[in-house]
Amino acid sequence: SELTTTLYAMETVVEAAATNEIAGFPVGTTRLLLIAYGEVRAGIDLSQITEDDVTVLSDTIQIRIPPPRIIDAKIDVNRTRVYDYDQGFLNLGPDVGPQLADMAQEEALSKVSIAACENGILDQANQRAALVLQGLFGGVAEGRIVEIVTQGPTTCP
């Protein structure tokens, strides 16, 4: 029931670090530099359209669609890579590669989602949903005018 109308994709660079301490003093730091590829999909949920959202007038059919929303946000692990992994001087930093990679991926996902929102992904999803549904319903309206009524997007997460 989800109609994906917009995809935002980007690469971002994220650094994560962890420090080894002995008696409260830092002994070594491990740094990981990750180049992450992320995607955010936005669109509308067609299952939210009810009979109340459809108005039939003499020559016009109005369909009010739900507000657009983020459908999915993910990091593509196949296109993401560790650019640098350094355990510091004499390798005294903790060996926490997988944990640092997870932390870096979470931060990268957050950066990609924020960038998608700042670049108007929900507004684009709303406009494209209206165009897609106009074309879909316009072909079966039997000579009637089909108007798609959009709702303003909710706030981005």
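**Reading a sheet and its helices**

Student: What does helix α2 lie across, and at what angle to β7 does it run?

Tutor: Contact here means heavy atoms within 4.5 Å. Axes are lines fitted to C-alpha atoms, for helices over the stretch in contact, with angles from 0 to 180 degrees between N-to-C directions. Helix α2 (residues 121–138) lies across β4 and β7, at about 155° to β7. This is a predicted model, where local features need pLDDT of at least 70, side-chain atom pairs count only at pLDDT 80 or more, and totals for chains, interfaces and linings use all residues. Residues are numbered from 1 along each chain as its sequence is written, and side-chain values use heavy atoms, with hydrogens and water left out.

Student: In what order do the 3 strands of the open sheet stand?

Tutor: Strands of a sheet pair through backbone hydrogen bonds, either parallel or antiparallel. Two strands pair if DSSP finds at least two bridges between them. Helices (H or I, at least four residues) and strands (E, at least two) are DSSP runs, numbered from the N terminus. Here the order is β3-β4-β7, with mixed pairing. β3 (54–56) and β7 (145–149) are the edges; each has a single partner strand, so one side of each lacks a neighbour in the sheet.

Student: In which sense do β4 and β7 pair?

Tutor: Parallel, over 5 bridges; β4 covers residues 60–64. Q62 stands opposite E147 in β7.

Student: Which residues of α1 are buried?

Tutor: Buried means under 20% relative accessible area (1.4 Å probe, protein chains only). In α1 they are G97, L100, A101, A104, A108, V112, S113, A115 and A116. Their cover includes β1 (2–22), β2 (25–45) and α2.

Conventions:
Buried < 20%, exposed > 50% of the residue type's maximum accessible area, 1.4 Å probe, protein only.
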